[in-house]
Amino acid sequence: MPDPKGFLTTGRQTRRRRPVSERAQDWGEVYEGHPLLPVVSLQAGRCMDCGLPFCHNACPLGNLIPEWNDLVFHQDWEAAAERLHATNNFPEFTGRLCPAPCESSCVLAINADPVTIKEVEVAIADRAWSRGEVRPEPAPRATGRSVAVVGSGPAGLAGAQQLTRAGYAVTVYERADRVGGLLRYGIPDFRMAKRYLDRRIAQMRAEGTRFVTGTAVGTAVDAGDLRARHDALLLAVGATAWRELALPGRALAGIHQAMEYLPIANRVCVGDLDAPTISAEGKDVVIVGGGDTAADCLGTALRQHARRVTQLDIHPQPPDTRSPDQPWPIHPKVHRLTASHEEAGHLYREQYGCPAGRPGADGGEAGDGAPDAVPGGGGAPGREPRAATGGCSGGPDGPDIRTYAARTVRFDGAEGQVSGVTFVASAGPAGGPPGAAAEQAVPAQLVLLALGFAGPERDSPLVGQLGLELAPQGTFARDVDFATGRDGVFVAGDAGRGQSLIVWAIAEGRSAAAAVDRYLAGSTALPAPIRATHRPLVL
Ligand SMILES: Cc1cc2nc3c(=O)[nH]c(=O)nc-3n(C[C@H](O)[C@H](O)[C@H](O)COP(=O)(O)OP(=O)(O)OC[C@H]3O[C@@H](n4cnc5c(N)ncnc54)[C@H](O)[C@@H]3O)c2cc1C
Ligand code: SF4
C-alpha cells in the first residue's frame with residue numbers, strides 16, 4: 001500500500017491550467033509544464049490499494065492502477081512505466097485526453113475526491129519518455145505472415161503495434177496524408193500537442209510497422225485485393241459518418257460540420273495552410289451540440305478571435321454532482337467546466353459581461369488554473385448556464401456560454417449566407433415537458449454542427465468489396481472476437497463499437513490483434529482486455 005494514511009492526510013491536487021489570458025492567445029497545451037511532478041508521488045500515496053480496485057475494473061484496458069500508484073509513491077518510476085505500458089500502448093494519449101472513468105470509479109470517490117489517476121499516468125509516461133526509457137521493442141523473430149491495418153487512429157495504431165511486436169509484417173493504410181486519425185486532425189493542439197503522436201509513430205516505425213498514407217482503401221486500393229495480398233486484414237476506419245441537422249436553412253453558406261472545421265485549424269497549426277479556409281475570426285459563432293467535439297470547436301473559435309460564441313445543447317443541464325440514478329461506480333454525466341468553457345467565460349465576462357449580448361452576468365475572477373470538475377465527492381463547482389427560456393447568468397468563472405435544453409428549429413439567412421440560428425426550449429424547468437416556449441434567435445455568421453457520429457461510412461466501397469454486413473446501429477458487424485463474416489477480416493475501434501473513446505479504441509486494437517494472432521497462429525499470448533461486446537458500466 002502506498003501510504004496507509006495518505007487518503008486522510010493529503011488532499012487531491014490536480015495539474016494547473018495556464019492562465020486563460022495567456023493560453024487563449026496560442027495553440028499550446030492548456031496545462032502548465034510539469035507542475036505536478038513534485039507532488040505526484042504524494043497524490044499517488046492517496047491510493048488505498050483496494051482489495052477490489054474498482055478503478056481497474058472501470059478501465060477497459062485493465063490498467064494496473066494500484067500497482068503504479070504504489071511504485072510512484074516509492075519513487076520506482078522505471079517499474080511504474082513498465083507496469084503502465086504492460087496494459088496501454090499509448091498512456092501519454094489517455095493521460096491527456098481520457099475522461100477517466102477510472103477516477104469516477106475510484107473507491108475514494110464514494111465520499112471524497114478520487115485519486116488523480118490520470119495525472120499519475122501522464123507523469124509516469126512523460127518521465128519515461130524524457131529519460132529515453134521508452135524504446136522500440138522489435139519482435140524477437142518474424143512469423144513470415146503479413147497483416148494490413150486500414151486506418152491509423154488509436155485502434156489501428158494499437159492493433160498494428162501489438163501485431164508488429166508479435167512478429168507480423170504490418171502495413172497500416174491511411175487515407176489522410178498523415179497518420180493518427182482523430183488524434184491528428186480532430187483533437188486540437190491545445191489539448192494534445194502532435195509531438196506526442198509523432199514520437200510514438202517514430203517508435204512504431206523503428207519496430208518495423210510500415211505506414212502508407214494518402215491511400216483510401218476501397219478507392220485507391222481494392223479492399224478484396226488487399227485482403228488477398230495479406231494473411232489478414234484489420235479494419236479500424238473509425239466512425240466518421242457525422243450526424244446531420246436537416247432543418248430549414250441548412251444549405252446556407254457558413255454552416256459546417258465540426259469535422260470540416262477542426263481539421264483545417266489543425267492544418268494551420270502544422271503549417272500546411274497560412275490561414276484557415278473556415279475561420280471564426282470576427283464572427284458570431286453558434287455551436288450546435290455538446291461533448292468533446294463541441295468543446296474543441298469552442299476552444300478553436302476563441303483562438304481564431306471569434307466575436308462571440310454561443311453553444312446550443314439539446315439536453316438539459318446535467319447536475320454538478322452525481323445524481324441518485326448514476327451512483328458510484330458509474331461514470332456520471334455531470335456539468336463539467338472544460339478548459340474551453342473556462343476560457344469562454346473569462347473572455348466574455350471581460351468583453352461583454354455576458355455572451356450573445358444578454359444582460360445578467362455577474363462578476364468574480366475567472367478560474368485560471370481551476371481543476372476539472374470531479375465526478376465524485378468534490379471538484380470545482382459548475383457555473384450557472386443559460387436556460388433556453390431565460391437570460392444569461394454567470395458564476396465565479398464568468399458566464400457559461402452553453403444554453404441547455406435548446407432545440408434548434410431553423411437556420412436564418414440572407415442572400416444565401418447564414419445570419420442566425422433560431423431555437424426553442426426542448427425541456428421545461430428541471431428537465432420536464434417544454435410547455436409553449438417562445439422561439440429565440442442568436443446571430444451567427446458561422447454555425448458549427450457537433451452532433452456526434454452515426455458510425456462508419458455506410459456507402460464506403462469497403463462494404464461491397466469485402467462483403468461486410470452492417471449491424472442494426474450502423475457499425476460494421478462482427479462477432480465477440482472482432483471477426484466479420486469474411487474470412488480473415490477483423491474490425492476494431494469506433495468502426496465496430498460506434499463513436500466511443502480513445503481508451504476503448506486502444507483496448508479494441510489490442511484485443512483485435514490477439515484475435516488476428518489466434519486466427520493466424522492457432523493460439524495467442526497477446527493480451528485481450530475486452531471482447532467486442534463489452535460496454536462501459538451502466539445501470
Ligand atoms: C473532435 C473530437 C474530439 C475527441 N476528443 C476525445 C477525447 O478528448 N477523449 C477521448 O477519449 N475521445 C475523444 N474523441 C473520440 C476519439 O477520438 C475516438 O473514439 C477515437 O479516435 C476512435 O479511434 P479509431 O481508431 O477507431 O478511429 P479514428 O481515430 O476515427 O481513425 C480512423 C482512421 O481511419 C481512416 N480511414 C477511414 N476510412 C479509410 C479508408 N477507406 N482507407 C484508409 N483509411 C481510412 C481515417 O482517415 C482515420 O484516420 C474525440 C472525437 C472527436 C471527433
Ligand atoms: S479505487 Fe482508487 S483508492 Fe482504490 S486502488 Fe483504485 S485508485 Fe487506489
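## A buried glutamate without a salt bridge

A salt bridge is taken here as a side-chain nitrogen of Lys or Arg within 4 Å of a carboxyl oxygen of Asp or Glu. In this predicted model, glutamate 119 is buried and yet has no salt bridge, the nearest side chain of opposite charge being that of arginine 12, which is 6.0 Å away.

Glutamate 119 is found in helix α9, which covers residues 117-130. When its neighbours within four places in sequence are left aside, glutamate 119 is in contact with Gln13, Thr14, Arg15, Leu36 and Val40.

A search of the whole structure finds 35 salt bridges. In one of them the side chains of glutamate 92 and arginine 200 meet at 2.5 Å, N to O; this pair links distant parts of the chain, with glutamate 92 in helix α7 (residues 91-97) and arginine 200 in helix α12, 108 residues apart. Both glutamate 92 and arginine 200 are buried.

Aspartate 272 forms a salt bridge with arginine 178, the closest N and O atoms being 2.8 Å apart. Here too the pair links distant parts of the chain, since aspartate 272 is in the loop between α14 (258-270) and β7 (284-288), arginine 178 is in the loop between β2 (169-173) and α11, and the two are 94 residues apart. Aspartate 272 counts as partly exposed because its relative accessibility is 35%, and arginine 178, at 24%, counts as partly exposed as well. Another salt bridge joins the side chains of glutamate 439 and arginine 410 (3.0 Å, N to O); glutamate 439 lies in the loop between β14 (417-425) and β15 (440-443) and arginine 410 in strand β13, so the pair ties together parts that are 29 residues apart in sequence. Salt bridges that share partners also join Arg17, Arg23, Arg303, Glu342 and Glu343 into one network.

## Aromatic pairs

The count of aromatic pairs comes to 4. Tryptophan 27 and phenylalanine 190 form one that is tilted, with 6.2 Å from centre to centre and 40 degrees between the planes. This pair links distant parts of the chain, for tryptophan 27 is in the loop between α2 (20-23) and α3 (37-44), phenylalanine 190 is in the loop between α11 (182-185) and α12 (194-207), and they are 163 residues apart. Tryptophan 27 counts as partly exposed at 27% relative accessibility, whereas phenylalanine 190 counts as buried at 2%.

The rings of phenylalanine 490 and tyrosine 519 have their centres 5.6 Å apart and their planes at 70 degrees, so this pair is edge-to-face. Phenylalanine 490 is in strand β18 (residues 489-491) and tyrosine 519 in helix α19 (residues 502-521), 29 residues apart. Phenylalanine 490, at 5% relative accessibility, counts as buried, while tyrosine 519, at 33%, counts as partly exposed.

## The shell around ligand 2

Of the 13 residues around ligand 2, those that come nearest are Cys47, Cys50, Cys55, Cys106 and Val107. The residues of this shell divide into 11 nonpolar, 1 polar and 1 charged, and its largest share, 3 residues, comes from helix α5 (residues 65-73).

## Backbone features

Tryptophan 328 and proline 329 are joined by a cis peptide bond with omega about 5 degrees, and proline 329 has its place in the loop between β8 (308-312) and α16 (339-351).

Histidine 305, in the loop between α15 (291-303) and β8, has a phi near 65 degrees, a positive value in a residue other than glycine. Alanine 405 also has a positive phi, of about 55 degrees, although it is not a glycine; alanine 405 lies in the loop between β12 (402-404) and β13 (406-414). Histidine 305 counts as partly exposed at 45% relative accessibility, whereas alanine 405 counts as buried at 9%.

Technical notes:
Residues are numbered from 1 along each chain as its sequence is written. Chains are lettered from A and ligands numbered from 1 in the order in which they are written. This is a predicted model: local features need pLDDT of at least 70, side-chain atom pairs count only at pLDDT 80 or more; totals for chains, interfaces and linings use all residues. Side-chain values use heavy atoms; hydrogens and water are left out. Helices (H or I, at least four residues) and strands (E, at least two) are DSSP runs, numbered from the N terminus. Buried means under 20% relative accessible area, exposed over 50%, partly exposed in between (1.4 Å probe, protein chains only). Lys and Arg count as positive and Asp and Glu as negative; His and the chain ends are not counted. Contact means heavy atoms within 4.5 Å. A residue is near a molecule or strand if one of its heavy atoms lies within 4 Å of it. Ala, Val, Leu, Ile, Met, Phe, Trp, Tyr, Cys and Pro count as nonpolar, Asp, Glu, Lys and Arg as charged, and the others, Gly among them, as polar. Rings of Phe, Tyr and Trp (its six-membered ring) pair if their centres lie within 6.5 Å; planes under 30 degrees apart count as stacked, over 60 as edge-to-face and the rest as tilted.
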